[in-house]
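Good morning, and thank you for joining this group meeting. Please take a moment to look at the structure before I describe it.

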Amino acid sequence: MTTAQATGTPDVTVTVIVYNDAERLPRAVASVLRQTHPNIEVVISDDHSTDATPDVARELAARDPRVVYLRLPENSGGCSAPRNRALEIARAPYLMFLDSDDELPERAVEVLLAAHRARDLDFAMGAVHRVRVDGGRRTTWMPHLVAERRTLDGIEADPRLFFEHLSTSKMYARAFLDRHGLRFPEGIHYEDQLFSAQAYCLAKTFTVVPEPVYRWYVAPYAASEAASISNQRHLLTNVRDRVHVQRLIDAFLAESGHESLREDKDFKFLKHDFRMYAGDLPYRDDAWLASFADIMTPYLDSLAPGAYARLPRPERVVLQLVRDRRLSDLRVAARGLGHDVAPRAVTPDTTDGRTYWGDHLPDSGPARRELDLTDLDLDTRPFFSALLRHEITGIARGPGASVDLTVRTYDPALRLPVGPQRATLHLSPGRRRLTVPFRLCPVRPGVFEGRVRLDVAAAPLPLHGFEGVRHPVLRLRHQGQTHTGLLLAPLSFPPLTARVPYRADVTPHRVTLEPEGHNPGRLQLRWQPVGPTATVIRPLARRLATPRVRRATRMAAALLR
């Protein structure tokens, strides 16, 4: 028994904030109570919920003496107030924070507390596992920042950590927070970003551990009213809130003597915060884009030029088009961002030999610098990595389970030879693929168009059936090399659904052709087994899709050859 246990003082207080989340609150609290380090205190801080949360919280507190229930007298509308009120009653020398829709891995407290006890730290932080609620896919948040154990003497040792701005991935020494009067800023959203920036800058020593210490459940396509604040990017108030907190961070950096970190923080904003909105821009109307530009442009104009210089060229193009209010061009540039999709046109400057984004030369100044594509080597890079753009401009239902697609290919650097091009459409719902040849005919220099019939009934499915999503790709051959490019679908069109029988002894499938609905906006096909045996095939397909089973299948096939 530790001294703290003997005196009844917990080693760590974990604050669980909640608002109208009676269903998931027990899971979050249970994840804290089953920690391998049991000498803890759990404060459920309720932001004046109006559902069954108070009853659930009181029941949890009645079951375990380590649980304390705190209810705010009125709703604050954010995360800061419930965290700060919990800090006022927390009894432990070390503090952690958990949201009611997330969990702590079983060893989170043990691992972070051990780091504190090994050295005199201001805080310790670890890896965050992101779990998709729509399929269970698990990834590590900012894995390169938590790949190895290390202790840093201040954020200047690795300013990249600004990208890891979660307050929930850290265990703080209470003395550190009290010494600096560090609390969560109330009345604003994206409070974690300001709080974490302040903690990073004020901390003299902190340790990073590679072990997972937080499990973050992500619902990327939740309904608007249920979406997290970071997923409410369609709201212009969300944009204002994000820019506002950046200005607060900038003011703190200047006032606290950390102005030298401004370029690193600006780069983080451009690469992460702005980038979160960029993929959605093709889906916004002109009025929304104009307001977005009004909010963003003054702040973008204040950022360090060196931050822009560190970005990939396509992202710099999108940023400049926002600043220039070229809204139609902005939608084009943002389609396929991050997926090596070409612009529809480029313009060479015969006076200096440089190449610029779009169908006309930009004005002098920042636009000329930011829209300069010369460094992409559009006309000399190997053909397999050439920048092309394939857009579906027409979709019509064909006979049976087929669709007729009109495809337009843009080749702004004129890499393809003159004349018709032999193309193939590839679709692979299983290990074998469906290949459909067709012809792209020239429309004008650098633009080709063709029609292809895609019969989804002809796509070979695995014997055990298939449930999932696939995106067809377009391939072109030139100079002995193959170029594979994604197909950009119309941003919206009514989904087309067909019932596809595969074999008489295998359950049929429902196949839906639809737009992807988010960046890059590819053409998407979704297979779903239907019929009386579908409930058997679905779990079987999931089991057979595991890496271990796939490896065993490949080995068995090799032995039988």
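**The cores and the overall fold**

In this predicted model, the largest nonpolar core holds 115 residues, and those with the most contacts inside it are Phe 274, Phe 292, Met 296 and Leu 300. A nonpolar core here is a set of buried Ala, Val, Leu, Ile, Met, Phe, Trp, Tyr and Cys residues joined through side-chain atoms within 4.5 Å; buried means under 20% relative accessible area, with a 1.4 Å probe and protein chains only. Helix 10 (residues 286–300) gives this core its largest share, 9 residues. Leu 300 touches, among others, Phe 269, Phe 274 and Leu 319, leaving aside residues up to four places away in sequence; a contact means heavy atoms within 4.5 Å. A second, separate core of 36 residues includes Leu 427 and Leu 454.

I turn now to the whole protein. Its secondary structure comes to 16 helices and 22 strands, which are DSSP runs (helices H or I, at least four residues; strands E, at least two) numbered from the N terminus. Of the 561 residues, 53% are buried. The C-alpha trace spans about 85 × 70 × 50 Å along its principal axes. Among contacts with a separation of 6 or more, 70% are between residues 24 or more positions apart.

Finally, a word on conventions. Residues are numbered from 1 along each chain as its sequence is written, and side-chain values use heavy atoms, with hydrogens and water left out. Local features need pLDDT of at least 70 and side-chain atom pairs count only at pLDDT 80 or more, whereas totals for chains, interfaces and linings use all residues.

Conventions: Buried < 20%, exposed > 50% of the residue type's maximum accessible area, 1.4 Å probe, protein only.
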